[in-house]
Amino acid sequence: MEVALLSFSSSLSPLCHQRISTLTPKTSNSPRLPVIRSAVSRNKKEETVEAVKSHLENCHLLAAINYKGLTVKQLQDLRRTLPDTTKLIVAKNTLVYKAIEGTKWEALKPCMKGMNAWLFVQTDEIPSAIKPYRSFQKERKLEDNDFAGAVFEGKFYAPDNFKVLETMPTRAEVYAKMLGALQSPAINLVSTLQAPAIEVIMVLKAYIKKLEDESNA
């Protein structure tokens, strides 16, 4: 549509100029920044959700850490202390929940509040994966920046229950205990099987792995 350009006397009042400007049609070249920004924001959110799902592959434990008050440098320093099998990302609770909804990780729902950083542990050596943050927290006196909770084997662990995760036996300890029990009198094996369920699971996993390694040798 063609638009005629009209000339008006400069004596027109400011009110008239305002009315005329509201009647002037916008050209097709007018920027639409809000729409562009909305699209970029939506894409970023989708990328974050996909990143969380990717980190959950081969993940043994997912923990939330209250990072309110931590600086960017502190988070960078923390990342450098983590082993290769442990990843730390900062993401909104709503996006993380969208990624874990309908999965075994949904048990982490009680942590979906406050400002959280997310620790993805992709090894069954849980104590050694948690220890770097505990050391970081102690060295910098960050008592308020504690674990908000974690999910391991589909079970939610509140901050008060973290001792269970932090004192789990290592693979080597489980392996030694299993071999010792198998080579000992039956009463010792029964004693091993009466240990907490999580420890028994670790023992059995180690023994199964040993059998598989022997069969592939």
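This report describes the aromatic ring pairs of a predicted model and the confidence that goes with it.

Residues are numbered from 1 along each chain as its sequence is written, and side-chain values use heavy atoms, with hydrogens and water left out. Because the model is predicted, local features need pLDDT of at least 70 and side-chain atom pairs count only at pLDDT 80 or more, while totals for chains, interfaces and linings use all residues.

The mean pLDDT (the predictor's confidence in each residue, from 0 to 100) is 77 for the protein, and 59% of its residues reach 70 or more. Over residues 1-28 the pLDDT is below 50, and this stretch has four contacts (heavy atoms within 4.5 Å) beyond near neighbours in sequence. Where pLDDT is low, the predicted coordinates should not be read in detail.

Rings of Phe, Tyr and Trp (its six-membered ring) pair if their centres lie within 6.5 Å, and planes under 30 degrees apart count as stacked, over 60 as edge-to-face and the rest as tilted.

| Pair | Centre to centre | Angle of planes | Class |
|---|---|---|---|
| Tyr 133 and Phe 147 | 5.2 Å | 70° | edge-to-face |
| Phe 147 and Phe 162 | 4.6 Å | 20° | stacked |

Tyr 133 lies in helix α5 (residues 126-139) and Phe 147 in strand β4 (residues 147-152), 14 residues apart; Phe 162 belongs to helix α6 (residues 162-166), so its pair with Phe 147 ties together parts 15 residues apart in sequence. Helices (H or I, at least four residues) and strands (E, at least two) are DSSP runs, numbered from the N terminus.

Tyr 133 is buried (under 20% relative accessible area, against over 50% for exposed and partly exposed in between, with a 1.4 Å probe and protein chains only) at 1%, Phe 147 is buried at 2%, and Phe 162 is buried at 1%. Ring pairs link Tyr 133, Phe 136, Phe 147 and Phe 162 into a cluster.
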